[in-house]
Amino acid sequence: MYEAFIDLDELIARCRDKQARQFIKEAVACYKAGAYRSCIVATWNAVVFDFLHKLRELKLLEDKEASHLLEQFEKLSLEKKVKELWQFESDIPKKSLKPFELISIVEMSDIERLFEDRSRCAHPSMTSLEEPFEATAELARYHLRSAVTHLLERPPVQGRAARDRIFQDIKSEYFPTDSELAIKYFQKSPLARARLSLIKDVIIGLTISLLTDNLPEDERARQFSAIQAISNIYPEKTREILNEKLSDIILSKVVDENWNKVIIYLGKIKTWDSLTEPCQIKGIAFIDKLKIFEKTWYSAVSNDALDLLLMANRIGFLRESVKSKLQLPLEQLISIKKSCQDKSQYNLINETIEPLLENAIPEATFDELISMRSENSDSLNTKIEPYLVEKIKEVSLESILDGFWQIRQEEKLLHNALEERLKFVLDNSSLEELIEVRQNYTRLLSRKKMIKITSLLDEYVVQLFEKETFDNLIYIKYKYNNDELFNTLLKPLLKDNISKIINLFKLSSSFANAASNANLLHETVDFITSTQWKEILDAFLQNSQISDSHSCVRTFETLFKKSINIDISVKTYWLSFREKLNHWGISDRYINSLKKLIDSTFPDE
């Protein structure tokens, strides 16, 4: 627990108060000159001035006891009451302990001994004249060190007050969550040159809270930042504290429901060397029972469980349990790989996952082989490649395009195999199959700038389009109405097949079919003749699948407006149609809306 030999000049640099530092500098000079009595006297003077300086700092913090004691000293000093001032000095060790808790009981004994030896050195009459007090180099150096390490290097707040202030600081939402910033923060706090008891109180307090309290994540982040900062400032002391207390805290205070907190703590706080065997047994049992996959879906990874598994993989005695936990079917291994490859600890757990994936390569499907590949592992990709080349020879069009999306263009062997298979599959595909695939993949391929592949798909769509009948083209349009290339190719054909389109409309067999056929009329409205409008409106009145289709009726409002603008001669048919709607006696808000539109357009008819 104790520091190694401290250089005298370093003791000077450690002093916080300017006046106290000057006296210590004088004491060191006396020591080096062999004037050990003078060294001890100057050291005590430094203690007095440091104590007064600390009282002033505490007064600024509105400490009433410090204010009272400082006023008492100033009054005694002003009135030159030597006896009372002597008593004031002699009480400094006790006052430092209580009420201010600046030192511990053991440290108080050292400071009291310094005061006694200072009196022997400064007042010969207090010792035997026959045997004068001999101040040795060892004694002088001991007092120098005790004065600096017990008092002069420390801030005025220690003990309970310091502990309360530190926890209050950590609770503040402005306390840094970055441990490097937390170190800088603590270097200007009571934790700078703190006593072991204060370090211990804070470390244990944070540990208990992190293991047992259900706090918001931002507050837990501040606590972890604080304890990591302290372990960086005092690594050996933190290690000794945790090795002594951590196992007892876990076993006595952590309930089963909070064992996830234990795994997170052990994974993040590295300043501990070992846990007792009972703790390790419970940790292993926790990992063994950890449910990695959500119950609702076989391959859905629980992110919380995965984070715990990644954290456990950083803990020495749990690594074998993690390996055992990962003996899973390939589908689940791939799910874990996908879920954790962007997490910071992935490289650690990948050492366990990768060999398991390698063993599964020979029996894996094309999609599984694609999913097993990793940007971070050229070795694994190289082992997968020959199996992937063979699988490519049998895969579907969708799988080929998946491959283009996921395999880098620089991987020439795989790209050449995919292109060869793509041409074969395209030669044996139907137009409907191509349109369906285009809708799912063209955007993805475009984002990856796979211009050659998208152009080839377009080329085959054009070729197959020219071989299809109009009826089949209309059927494909019903299913895949959003394909831009297909609609561009179809548009000229619609103009030449108005009669067929009207006939399809008349034969509408469902509400959805009627709506789709009405949309075809909308696309060809510029080419419909006035007599053909009569056919269309009669069909509306005669086919309930049309008139009862709300989407179809809404489209007819647009058709009405456009038809009137194109050819006013259709007005007669629309007015007749409007008159017949009156005889229906049906109150339907969509039909009523269409009637109002016609009435507002021809108000005088």
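Is K282 buried, partly exposed or exposed? Select K282 to begin: its relative accessible area is 31%, so this lysine is partly exposed. The model on screen is a predicted one.

**Stop 1: K282 and D256**

K282 sits in helix α15, D256 lies in the loop between α13 and α14 (259-268), and 26 residues separate the two, so the pair counts as linking distant parts of the chain. D256 has 55% relative accessibility and is therefore exposed, the cut-off being over 50%.

**Stop 2: α13 against α15**

Now select residues 235-253, which are helix α13, and residues 277-289, which are helix α15. Their axes come within 9 Å and cross at roughly 55°. At that angle α13 is oblique to α15. The crossing of α13 with α15 is left-handed. To see the contact, show S247, I250 and L251 on α13, then P278, C279 and K282 on α15. By class, the residues of this contact are four nonpolar, one polar and one charged.

**Stop 3: D201 and R163**

Select D201 and R163 next. A salt bridge joins their side chains, at 2.8 Å from N to O. D201 belongs to helix α11 (residues 196-212) and R163 to helix α9 (residues 159-171); the two are 38 residues apart, and the pair links distant parts of the chain. D201 is partly exposed, at 32% relative accessibility. R163 is also partly exposed, with a relative accessible area of 21%.

**Stop 4: K393 and E390**

Move to K393 and E390. These two form a salt bridge in which the closest N and O atoms are 3.2 Å apart. K393 counts as exposed because its relative accessibility is 52%, while E390, at 47%, is partly exposed. Then select E10, R14 and E153: salt bridges with shared partners join these residues into one network. The count of salt bridges in the model comes to 29.

**Stop 5: two backbone details**

Go to K80, in the loop between α4 (64-78) and α5 (82-90). K80 has a positive phi of about 55°, although this residue is not a glycine. Its relative accessibility is 68%, so K80 is exposed.

Finish at K98 and P99. The peptide bond joining them is cis, with omega about 15°. P99 is in the loop that runs between α6 (92-97) and α7 (105-122).

Note on methods: Residues are numbered from 1 along each chain as its sequence is written. This is a predicted model: local features need pLDDT of at least 70, side-chain atom pairs count only at pLDDT 80 or more; totals for chains, interfaces and linings use all residues. Side-chain values use heavy atoms; hydrogens and water are left out. Helices (H or I, at least four residues) and strands (E, at least two) are DSSP runs, numbered from the N terminus. Buried means under 20% relative accessible area, exposed over 50%, partly exposed in between (1.4 Å probe, protein chains only). Axes are lines fitted to C-alpha atoms, for helices over the stretch in contact, and angles run from 0 to 180 degrees between N-to-C directions. Angles under 35 degrees count as roughly parallel, over 145 as roughly antiparallel, 65 to 115 as roughly perpendicular and the rest as oblique. A crossing is left-handed if the near helix is turned anticlockwise from the far one by less than a right angle, and right-handed if clockwise. Contact means heavy atoms within 4.5 Å. Ala, Val, Leu, Ile, Met, Phe, Trp, Tyr, Cys and Pro count as nonpolar, Asp, Glu, Lys and Arg as charged, and the others, Gly among them, as polar. A salt bridge is a side-chain nitrogen of Lys or Arg within 4 Å of a carboxyl oxygen of Asp or Glu.
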